[in-house]
Amino acid sequence: METPTPVPPPHAAKDVTEHVGYRLKRASAALRTAMDRALREHGLTVPQYSCLELLDEQPGLSNADLARGTFVTRQSANVVLRGLKDAELITRPQSAEHGRALPVHLTAAGRERLHAARRAVYAIEVRMISGVPADRLAALLSDLDAMTEALGD
């Protein structure tokens with residue numbers, strides 16, 4: 001059996017912890033942990049919070065729109081929406097007026113919960129970006145967008 005040819009790393013790195021993907025995953029995990037902790041105090045999960053944010057910006061989105069916007073499957077979005085509806089944070093009609101999509105809207109309680117939770121989430125983002133010089137933030141956001149586009153998403 002032949003020894004496989006070593007695969008060269010994508011860029012100079014002493015080990016896997018210096019790879020971009022590893023660092024992105026590490027940052028993502030830290031963000032998710034901080035958000036989980038903060039949102040728990042508001043009775044929300046990260047996907048629920050994300051749905052409320054999207055609905056605040058774009059009332060009437062469908063389950064499929066919310067699934068795409070929160071990076072979950074449609075089935076998972078249904079579970080998230082059921083929880084939000086049970087908590088009376090959203091309204092969703094029993095049947096669609098046009099087509100099959102059921103438009104989702106925030107209730108007054110949903111808006112109130114979102115605004116309280118938003119303070120906590122924004123405080124986390126302030127902490128997260130505190131280590132990035134202000135003059136480099138726009139470039140960081142642009143680089144993250146370019147990486148997403150490079151992967152075809």
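Predicted model: local features only at pLDDT ≥ 70, side-chain atom pairs only at ≥ 80, totals over all residues.
Is glutamate 88 buried or exposed? Glutamate 88 counts as exposed, because its relative accessibility is 57%, and the cut-off for exposed is over 50%. The residue sits in the loop between helix 4 and strand 1. Now look at its backbone. Phi of glutamate 88 is near 60 degrees, a positive value in a residue that is not glycine. Most residues other than glycine have a negative phi.

**Zoom out**

Show the whole protein as a cartoon. Count 6 helices and 2 strands. Trace them from the N terminus: the order is α-α-α-α-β-β-α-α. The radius of gyration is 20 Å, well over the 15 Å that the globule rule gives for 153 residues, so the protein is more spread out than a compact globule. Along the principal axes, the C-alpha atoms fill a box of roughly 60 × 40 × 25 Å.

Of the 153 residues, 26% count as buried. Among contacts with a separation of 6 or more, 48% link residues 24 or more positions apart. Colour by charge next. There are 19 positive and 19 negative charges, and their mean positions lie 6 Å apart.

**Stop one: the end of helix 3**

Select threonine 70. It belongs to helix 3, which covers residues 63-70. Threonine 70 counts as buried because its relative accessibility is 9%, and buried means under 20%. Where does the side chain of threonine 70 reach? It goes to the backbone oxygen of leucine 66, at 2.7 Å. Now display the contacts of threonine 70 beyond four places in sequence. They are Pro47, Ser50, Cys51 and Leu54. For orientation, helix 2 spans 46-57.

Step on to phenylalanine 71. This residue is in the loop between helix 3 and helix 4, the latter being 74-86. Phenylalanine 71 is exposed, with a relative accessible area of 74%. Its phi is positive too, at about 65 degrees, although the residue is not a glycine.

Go back to serine 62. It is placed in the loop between helix 2 and helix 3. Serine 62 has 10% relative accessibility and so counts as buried. Which side chain does serine 62 join in a polar contact of 3.0 Å? Show aspartate 65: its side chain is the partner.

**Stop three: between the strands**

Select arginine 92. You are in the loop between strand 1 (90-91) and strand 2 (105-106). Draw a distance from the C-alpha of arginine 92 to that of histidine 105. The separation is 6.7 Å, with the two residues 13 apart along the chain.

Definitions and conventions. Residues numbered from 1 in each chain as written. Heavy atoms only, no water. Helix = DSSP H or I, 4+ residues; strand = E, 2+ residues; numbered from the N terminus. Rg over C-alpha atoms; globule rule 2.2 N^0.38 Å. Buried < 20%, exposed > 50% of the residue type's maximum accessible area, 1.4 Å probe, protein only. Contact = heavy atoms within 4.5 Å. Lys, Arg positive; Asp, Glu negative; His and termini not counted. Charge placed at Lys NZ, Arg CZ, Asp CG, Glu CD. Polar contact = N/O pair within 3.5 Å; in protein donor to acceptor, adjacent residues only side chain to side chain.
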